[in-house]
Amino acid sequence: MENNVQLSVNDLIKRRYEELEELSNKGIETFAYSFDVNSDSKKIKSEFKEGIEMNVRIAGRIMAIRRMGKASFAHVQDQNGRIQVYLKKDEIGESYDAFKLMDIGDIIGIEGFVFITKTGEISVHTRELKLLSKSLQPLPIAKEVVDEQGNKVIYDQFADKELRYRRRYVDLIVNPDIKDVFIKRSKIISAIRNYLDTSGYLEVETPILQPLYGGAAARPFVTHHNALDTELYLRIADELYLKRLIVGGFDGVYEISKDFRNEGMDRSHNPEFTMLELYVPYKDYNWMMEYVENMFEHVCNSVFNTLSFNVDGTEINFRAPWKRVSMIEAIEEKAGLNVLTCSMEDLKSASKKAGIEIGAIHSRAKFIDELFSIAVEPELIQPTFIIDYPLELSPLAKKHRTKDGVVERFEGYVFGREICNAFSELNDPIDQRKRFEDQVKMREAGDDEAHQIDEDFIRALEFGMPPTAGLGVGIDRIVMLLTNQQSIRDVVFFPQMKPEVKS
C-alpha cells in the first residue's frame, strides 16, 4: 500500500472485509458473545494512584492507533471517555499479530494493569486483548491516512447535521459532546420525576391509540385497527384521560410520554415529542404557577447546580418568581389593539400589518393566536408566565373568576419559546359541552385543529370532577434550553427525517 494516500470509502470497506476474513482464518472470534468488564476510563483516571497496583478489565471502541513495530498505543473510547492502552508483541504474542488487522472503530476488550507513561498519561498496559466486534464501516471522516509506520491518522470529524441525525449511532461515536447532551436529558427527566414523586403524585399510563383525539389544538396521525375495523388516532395529548383519573379519585396523577401531532417540522417542533402532563385536584392555576417555578429550581439545581444558563449568548435565570403578564395586555402593548373588544376587521388589519397571511385563517381565536406568536413571543426572553387567555383559545379551561372574556390559563415562555401550558381545569360538564360545540363550529368554518366532541369525557365530568389544576410541559424544549441546543433535533435521539434518497 502506498503511503499518505487517501483511500476511498469503498476501498476502506473492502479492506475491512479482507481483514475480517483473515482474522477468521486465524481462528480469531470476530464478533464475541461477552467480555467481563470491571472498570472504565473515568473510574481509572479518578482512582489510580502511583505505587498501588490496579488491575482492570475494560472494553470500548478503538479511536486512534499508533504503531511502533513490536509495540503500539491505542485510544479506547467507552461511555465515559477515552483511555490509552499499550500493547507489546513480546507480552501478548499472537494477539498482537491480530491487532495488526484491527482498525479504528473496532470494539475490543483489554485486561491489564494501570501505569503512567513517560509523558504523564494514565494508560492500561495490556496483558490480554480480545476482539469483541469488527467494524466493517469506517467512521465517517474526510480523511484516513496511513503513514510509513502504519499509523492511521484521521481528520475532519462527522459534521454534516442531516447525516448526523440520520446516523445518530455514528454521531454519538465521533462527537462525544453529543452524548453528554443526552445524558443530561435523562438526568433532567429523572429530576422532574423525582420532584413529582416526592410531591406524592402517581405516575400513570394512558392510551396512545385513541378513538377520539383531544386535549390540544392539533392535527392527528390516523391509523386503522383491523380487528375492530375502526379508525384510531395517535394521541395529541394525555389530558382527557388523565382528568378521567381525577374523576376516579386519584389525588394527583402525571404521565411523561410520547405525543404525536401531524404538523410541520421546524427548530422547535418534531411530530413525535415528549410531554409531561400533571393534574392535581383542589388546586388552581395560581398554585400551579408556583409549583412550576419550584420544579424548575429543583431541576436546575439538582442536575446543573445553578439557576443561571447561557442560551445562545443570553443569560437566562430561572430563579422564582417569574414575571406574570396578561396575554391581552401583552398583545395590546405590541400590536396596539385589545383583542377582546376589537372588531374582526381590526383584528385582521393588525394581523396583516404584523405580516400574517390572513387568507388561511378562519376564526377569531386563530387570529389572536397568530398575532401573539408574531408580536409577543419573540420578546419573552427571561422566564415569563403569560396569563389569562381569551376564552376562544382555551376550550378546556375555566372562565376567569373576576375577568370577563378570559380563562384561568397560563403558558410559560423562555427565550421566545413556549415551554409549558396550564389551566384551572374546566369541570362544569354543561359549559364543557358548549365549548366543544363552539369548537365544532370552528372546525366547520375551516379550522382543522379545533376539538371534537368527546361524549365520554363529558359523561365523566357529569359524575363530578373536583376543582383541578392541570399542567403540560414540553420536555424536549426544556432540554434544549438547559443544554443550549438550538434545534429539537439536537435533543431527540432519532428525529423524524424526510425519506433518505438512495443514489
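**Why do we call it that?**

Biologist: Asn484 lies in the segment after α15 (475-483). What makes a run of residues a helix or a strand here?

Modeller: The protein has 15 helices and 20 strands. Before we go on: this is a predicted model, where local features need pLDDT of at least 70 and side-chain atom pairs need 80 or more, while totals for chains, interfaces and linings use all residues. Residues are numbered from 1 along each chain as its sequence is written, and side-chain values use heavy atoms, leaving out hydrogens and water.

Biologist: Back to Asn484, then. Why is Asn484 called partly exposed?

Modeller: Buried means under 20% relative accessible area, exposed means over 50%, and partly exposed is in between (1.4 Å probe, protein chains only). Asn484 has 30% relative accessibility, so Asn484 counts as partly exposed. Phi of Asn484 is also near 60 degrees, a positive value in a residue other than glycine.

Biologist: Which value does phi of Asp388 take, and what makes Asp388 buried?

Modeller: Phi of Asp388 is positive too, near 60 degrees, and again the residue isn't a glycine. Asp388 sits in strand β17. Its relative accessible area is 2%, so Asp388 counts as buried.

Biologist: Let's do α13. How do you know that the span of α13 agrees with its number of residues?

Modeller: The expected span of a helix is 1.5 Å times one less than its number of residues. Helix α13 (residues 429-444) has 16 residues, so it should span 22 Å; the C-alpha atoms at its ends are 23 Å apart, which agrees.

Biologist: Which residues of α13 are buried?

Modeller: Pro429, Asp431, Gln432, Arg435, Phe436, Gln439 and Met442 are the buried ones in α13. They cover an arc of only 155 degrees around the axis, so they fall on the same side of α13. That arc is taken from the directions from the helix axis to the C-beta atoms. On the other side of α13, Ile430, Lys441 and Glu444 are exposed.

Biologist: What do the buried residues of α13 pack against?

Modeller: They pack against α12 (364-375), β18 (406-414) and α14 (455-462). A contact here means heavy atoms within 4.5 Å.

Biologist: Where is Leu396, and why is Leu396 called buried?

Modeller: Leu396 lies in the loop between β17 (384-390) and β18. With a relative accessible area of 3%, Leu396 is buried. Not counting residues up to four places away in sequence, Leu396 touches residues including Gln432, Arg435 and Phe436, as well as Glu239, Leu240 and Lys243. Those names come up in both helices we look at: Gln432, Arg435 and Phe436 are among the buried residues of α13, and Glu239, Leu240 and Lys243 are among those of α8 (residues 239-247).

Biologist: What covers the buried residues of α8?

Modeller: The cover includes β12 (253-260), β13 (272-281), β19 (417-424), α14 and β20 (468-474). After α8 comes Gly249, with a positive phi near 110 degrees.

Biologist: What makes Phe410 buried, and which residues does Phe410 touch?

Modeller: Phe410, in strand β18, has a relative accessible area of 0%, so Phe410 is buried. Leaving aside residues up to four places away in sequence, Phe410 touches Tyr285, Met288, Met289, Val292, Phe385, Ile386, Ile387, Tyr389, Cys420, Asn421 and Ala422.

Biologist: What makes the peptide bond from Ala320 to Pro321 cis?

Modeller: Its omega is near 0 degrees. Pro321 is in the loop between β15 (314-317) and β16 (323-326).

Biologist: Last one: how much of the protein counts as buried?

Modeller: Of its 503 residues, 50% count as buried. And 64% of the contacts between residues at least 6 apart in sequence join residues at least 24 apart.

Note on methods: Helices (H or I, at least four residues) and strands (E, at least two) are DSSP runs, numbered from the N terminus.
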